[in-house]
Amino acid sequence: MSFGIDIFSDGLISSGGGEHNDWQKIEHGIIGLIPRQNEPIIWNNPRAYRRSKQGPYISLTDAWFEFMISERGESKCSWNNFEGYSDEPPAVNLIADAIKQNIPQSDLENTAIAIDNTLNEFQQDSLLKGFKNLGFTKVELLWRPIAICLHILNQFGRDKFKEYDKIAIVDFDSYYPELT
């Protein structure tokens with residue numbers, strides 16, 4: 001089975017497929033509960049939200065934004081929880097952790113992460129390292145327009161296109177509109 005994951009401005013889309021089972025899952029507004037000291041972040045689990053004293057939350061969108069604005073891919077997300085504990089983990093670790101908790105099988109299978117064309121080599125390398133540090137062994141990055149084109153070819157079949165036909169991909173979901 002293979003997985004495809006696309007992180008976009010306010011969530012993520014994941015899809016997978018094997019011989020007899022194709023699926024797709026869309027998650028909007030993924031938030032993580034800021035942990036107490038020596039606890040992990042819990043992503044998108046309503047049963048884990050604290051009822052007594054609500055602590056701050058971090059969104060996957062914020063982690064992705066922090067990651068995107070750092071040209072070297074070394075950005076960190078910082079917070080103080082209600083107990084006074086503060087932390088500053090790398091944004092790539094938060095991104096990988098959010099994906100792992102929302103799509104648990106993704107660290108065991110071939111996983112392609114669709115990325116913006118604007119990610120430079122430092123950011124791509126940092127993203128790959130973040131996933132590998134969290135146990136993803138078969139992760140690859142794929143530019144979003146290429147992933148969209150492959151999806152179109154998979155949906156409609158190559159026989160729908162002639163030899164010199166071209167496919168134009170207009171991506172409005174990246175930080176800048178992209179035409180490929």
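**Briefing: buried rings, salt bridges and a surface patch**

Phe136 counts as buried, at 1% relative accessibility; buried means under 20% relative accessible area, exposed over 50%, and partly exposed in between (1.4 Å probe, protein chains only). The model is predicted: local features need pLDDT of at least 70, side-chain atom pairs count only at pLDDT 80 or more, and totals for chains, interfaces and linings use all residues. Residues are numbered from 1 along each chain as its sequence is written, and side-chain values use heavy atoms, with hydrogens and water left out.

**Overall**
- The protein has four helices and twelve strands, taken as DSSP runs (helices H or I, at least four residues; strands E, at least two) and numbered from the N terminus.
- Of its 180 residues, 37% count as buried.
- The accessible surface is about 10900 Å², and 51% of this belongs to carbon and sulfur atoms; areas come from the Shrake-Rupley method with a 1.4 Å probe, and for residues only the protein chains shown count as cover.
- Among contacts with a separation of 6 or more, 56% are between residues 24 or more positions apart, where contact means heavy atoms within 4.5 Å.

**Aromatic pairs**
- The structure holds two aromatic pairs; rings of Phe, Tyr and Trp (its six-membered ring) pair if their centres lie within 6.5 Å, with planes under 30 degrees apart counted as stacked, over 60 as edge-to-face and the rest as tilted.
- Trp64 and Phe67 form a tilted pair, 5.5 Å centre to centre with 35° between the planes.
- Both Trp64 and Phe67 lie in helix 1 (residues 60–69), three residues apart, about one turn of the helix, and both are buried.
- The ring centres of Phe131 and Phe136 are 4.9 Å apart and the planes stand at 85°, so this pair is edge-to-face.
- Phe131 is buried, at 0% relative accessibility.

**Salt bridges**
- A search of the whole structure finds two salt bridges, each a side-chain nitrogen of Lys or Arg within 4 Å of a carboxyl oxygen of Asp or Glu.
- Arg144 and Asp116 meet through their side chains at 2.3 Å, N to O.
- Arg144 lies in helix 4 and Asp116 in the loop between strand 9 (110–115) and helix 3 (121–133), so the pair ties together parts that are 28 residues apart in sequence.
- Arg144 and Asp116 are both buried.
- Lys129 and Asp125 form a salt bridge at 3.2 Å, N to O; both lie in helix 3, four residues apart, about one turn of the helix.
- Lys129 is partly exposed at 49% relative accessibility, and Asp125 is partly exposed at 38%.

- Gln123 lies in helix 3 and is buried, with a relative accessible area of 3%.
- A polar atom of the Gln123 side chain lies 3.4 Å from the backbone oxygen of Phe67.
- Leaving out residues up to four places away in sequence, Gln123 touches Phe67, Met68, Ser70, Glu71, Gly73 and Thr118.
- Ile115, in strand 9, is buried at 1% relative accessibility.
- Beyond its neighbours within four places in sequence, Ile115 has contacts that include Gln124, Leu127, Trp143 and Arg144.

**Surface patch**
- Trp143, Ile146 and Leu150 make a nonpolar surface patch of about 290 Å²; patches are made of residues with over 30% relative accessible area and no salt bridge, with like charges joined within 9 Å and nonpolar side chains (Val, Leu, Ile, Met, Phe, Trp, Tyr) within 5 Å.
- Ile146 lies in helix 4 (residues 144–156) and is partly exposed, at 38% relative accessibility.

Methods:
A polar contact is a pair of N or O atoms within 3.5 Å; within protein, one must be able to donate a hydrogen and the other to accept it, and residues adjacent in sequence count only if both atoms are side-chain atoms.
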